[in-house]
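Subject: Structure handover

Hello,

Here is the structure for you to look at. My notes on it come after the display.

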Amino acid sequence: RQLGVDADVTWHAGDFETCVDQVPQGSAVISNPPYGKRVGDPRKLLALYRRFEHVLARRVDLRPVVIACGFAPFLGAMTLPWH
């Protein structure tokens, strides 16, 4: 709200798989998924990121996608091309 973008932004909180059908076609996606202390087990974390990536592979219209992620193995574990 402080940035004055409310007219151009729709906020969704929760599991991306449950929210993705509400995201309009052609939208940019910015996500701050849990990592580190919020999830704990690295295997659960990688499974979460892979589910997120699977949804993005299905919804190719959602681009660009920006992820705020402090989990170093993220890039090596994903199959889509991330930069």
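This is a predicted model: local features need pLDDT of at least 70, side-chain atom pairs count only at pLDDT 80 or more; totals for chains, interfaces and linings use all residues.

Pockets

The largest pocket has a volume of about 840 Å³. Its lining consists of 26 residues, and those nearest the centre are His12, Phe16, Val29, Ile30 and Ser31. Three elements each give at least two residues to this lining: α1 (16-19), β1 (29-31) and α2 (42-58). The largest share is that of α2, with 5 residues. By type, the lining of the largest pocket divides into 16 nonpolar, 6 polar and 4 charged residues.

For the second largest pocket the volume is about 270 Å³. It is lined by 13 residues, and Val65, Val66, Pro81, Trp82 and His83 are the closest to its centre. Here β2 (65-67) and α3 (74-77) each supply at least two lining residues, and the largest share, 3 residues, comes from β2. This lining is made up of 11 nonpolar residues, 1 polar and 1 charged.

Nonpolar core

Which residues of the largest nonpolar core touch the most other members? They are Phe16, Tyr49, Phe52, Leu62, Val65, Phe71 and Phe74, in a core of 17 residues. At least two residues of this core come from each of α2, β2 and α3, and α2 gives the most, with 6 residues.

Some names turn up in more than one place. Phe16 is among the core residues with the most contacts to other members, and it is also one of the residues nearest the centre of the largest pocket. Val65 is likewise among those core residues, and it is one of the residues closest to the centre of the second largest pocket.

Setting aside residues up to four places away in sequence, Phe74 touches Tyr49, Ile67, Cys69 and Trp82.

Ile67

Ile67 sits in strand β2. Is Ile67 buried or exposed? Its relative accessible area is 19%, and buried means under 20%, so Ile67 counts as buried. Apart from neighbours within four places in sequence, Ile67 is in contact with Ser31, Pro33, Phe52, Phe74 and Trp82.

Arg59

Arg59 is found in the loop between α2 and β2. With a relative accessible area of 13%, Arg59 is buried. Not counting residues up to four places away in sequence, Arg59 touches Val20, Asp21, Val23, Pro24 and Gln25. Arg59 also takes part in a salt bridge, described below.

Salt bridges

How many salt bridges does the structure hold? There are 3.

In one of them, Arg51 pairs with Asp15, and the closest N and O atoms are 3.0 Å apart. This pair links distant parts of the chain, with Arg51 in helix α2 and Asp15 in the segment before α1, 36 residues apart. Arg51 is partly exposed at 31% relative accessibility, and Asp15 is partly exposed at 32%.

Arg51 also forms a salt bridge with Glu17, where the closest N and O atoms are 2.2 Å apart. This pair again links distant parts of the chain: Glu17 is in helix α1 and Arg51 in helix α2, 34 residues apart. Glu17 is partly exposed, with a relative accessible area of 36%.

The remaining bridge joins the side chains of Asp61 and Arg59, at 2.8 Å from N to O. Asp61 is partly exposed, with a relative accessible area of 24%, whereas Arg59 is buried at 13%. Through shared partners, salt bridges join Asp15, Glu17 and Arg51 into one network.

Regards

Conventions: Residues are numbered from 1 along each chain as its sequence is written. Side-chain values use heavy atoms; hydrogens and water are left out. On a 1 Å grid over the protein atoms alone, a cavity is a set of points where a 1.4 Å probe fits but cannot get out, and a pocket is an open set with protein on both sides within 12 Å along at least five of seven lines; lining residues have an atom within 4 Å of a point. Grid points are joined across faces, edges and corners, and a volume is the space filled by probe spheres set on the points. Helices (H or I, at least four residues) and strands (E, at least two) are DSSP runs, numbered from the N terminus. Ala, Val, Leu, Ile, Met, Phe, Trp, Tyr, Cys and Pro count as nonpolar, Asp, Glu, Lys and Arg as charged, and the others, Gly among them, as polar. A nonpolar core is a set of buried Ala, Val, Leu, Ile, Met, Phe, Trp, Tyr and Cys residues joined through side-chain atoms within 4.5 Å. Buried means under 20% relative accessible area, exposed over 50%, partly exposed in between (1.4 Å probe, protein chains only). Contact means heavy atoms within 4.5 Å. A salt bridge is a side-chain nitrogen of Lys or Arg within 4 Å of a carboxyl oxygen of Asp or Glu.
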